[in-house]
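Hi everyone, thanks for coming. I'd like to walk you through one structure today, and I'll go slowly so that anyone new can follow along.

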Amino acid sequence: AALKTDLAAATSAGQLRIDYQPIADLDTGTILGAEALVRWHHPTRGILSPAEFVHLAEETGDIDAIGSWVLETATQQAATWRRNLPGCADLWIAVNLSPLQLRNPRSLAAIKDILSRPATQVANVILEITETALARNIEGGITALTELKALGARIAIDDFGTGFSSLSTLAALPADILKIDRSFLRAQEDKPLSTAMLEGILGLAHKLSLDVIAEGIEEPEQLHLLRDLGCTMGQGYHLSRPGPPQMMEALLLAQA
Ligand code: G
Ligand code: G
Ligand code: MN
Ligand code: NA
């Protein structure tokens, strides 16, 4: 219960930090962008992962302030990298959204405001939402995401393959990108089956003209398999763990 009451102050007290995980071109290794992953540096409990507090923030309503802060901070950080680092003029930034942010009109307005700032370079923003989160309020979600896409942002379906995955629903979503859930890479005991599933998702994405980002690449073998299957973008511990802004800067400078 205490954790819940601490949430209200977390944003204003500067206790939230963002780690960034590179998203790379799987053929060349070039970093194309980064996913923003929020952490709560709690005064007494240490560093808390979003899995430990996002659901609480959704209950209390603090998710609106937290979500806006993450979007604003991550897009400003990306703008700074694009401006200051050589070879980074086209770097993109992926930010996770809670479906509650889309449902609250004030929260949706705040997202639109941030996306509309010239420095944000909205074409370089990816908004990630999980298919399970979307399924909870599918019509409202589609309407809001369609508005955000109209502003120029790209929409990614996160953890793809773990939720409803109905083809008709997928075709109705204003999606640009599928992020293949890492469970499809982990299921290595039954290689032929997991390969068939990956092929199926990649074929589906191709038919629907969607881009694909593979998540959770932990082993070189997984990277090679994805390359063989024609998957061109991905992220995972094998490429880089999430880390603070200085880590991203070092990686981006090293490839300049
Ligand atoms: O960062 P971690 O490595 O622990 O992420 C755990 C989960 O938290 C992931 O499902 C991720 O999508 C989610 N998450 C990370 N950052 C944010 C955020 O800023 N907002 C929301 N709503 N979810 C986030
Ligand atoms: O649900 P979402 O895709 O937003 O979650 C991203 C989460 O996955 C974060 O918690 C991030 O730290 C974690 N993550 C990133 N790369 C890997 C990986 O290679 N393996 C595992 N197990 N988790 C990863
Ligand atoms: Mn994500
Ligand atoms: Na995911």
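Let me begin with a term we'll need: two strands are said to pair if DSSP finds at least two bridges between them. One thing to keep in mind throughout is that this is a predicted model.

Now, please find strand β1, residues 16-25, and strand β2, residues 31-42. These two run antiparallel, and nine bridges join them. If you want one pair to look for, L16 has W40 as its bridge partner in β2. Together β1 and β2 make a hairpin, with five residues between them. In that turn you'll find G29, which has a positive phi of about 80°.

β1 has another neighbour to show you. Strand β9, residues 233-234, pairs with β1 over two bridges, again in the antiparallel sense. Here A24 is the residue that stands opposite G234 of β9.

Let's stay with phi for a moment. Most residues other than glycine have a negative phi. So where do we find a positive one in a residue that is not glycine? One place is Q121, with a phi near 50°. Q121 sits in the loop between α5 (105-116) and β5 (125-130). Another is S209, whose phi is positive at about 55°. You'll see S209 in the loop that lies between α10 (191-207) and β8 (211-214).

On to the ligands. Which residues surround ligand 1? Among them are L37, V38, S49, P50, A51, N96 and D158. The largest share is from α2, with three residues. Sorted by class, the shell around ligand 1 holds six nonpolar, four polar and one charged.

Ligand 2 has 14 residues around it, and the ones that come nearest are G216, E218, G236, Y237 and P242. How do the residues of this shell divide by class? There are four nonpolar, five polar and five charged.

That's my tour, so please ask me anything!

Notes
Residues are numbered from 1 along each chain as its sequence is written. Chains are lettered from A and ligands numbered from 1 in the order in which they are written. This is a predicted model: local features need pLDDT of at least 70, side-chain atom pairs count only at pLDDT 80 or more; totals for chains, interfaces and linings use all residues. A residue is near a molecule or strand if its C-beta atom, placed from the backbone, lies within 6 Å of it. Ala, Val, Leu, Ile, Met, Phe, Trp, Tyr, Cys and Pro count as nonpolar, Asp, Glu, Lys and Arg as charged, and the others, Gly among them, as polar. Helices (H or I, at least four residues) and strands (E, at least two) are DSSP runs, numbered from the N terminus.
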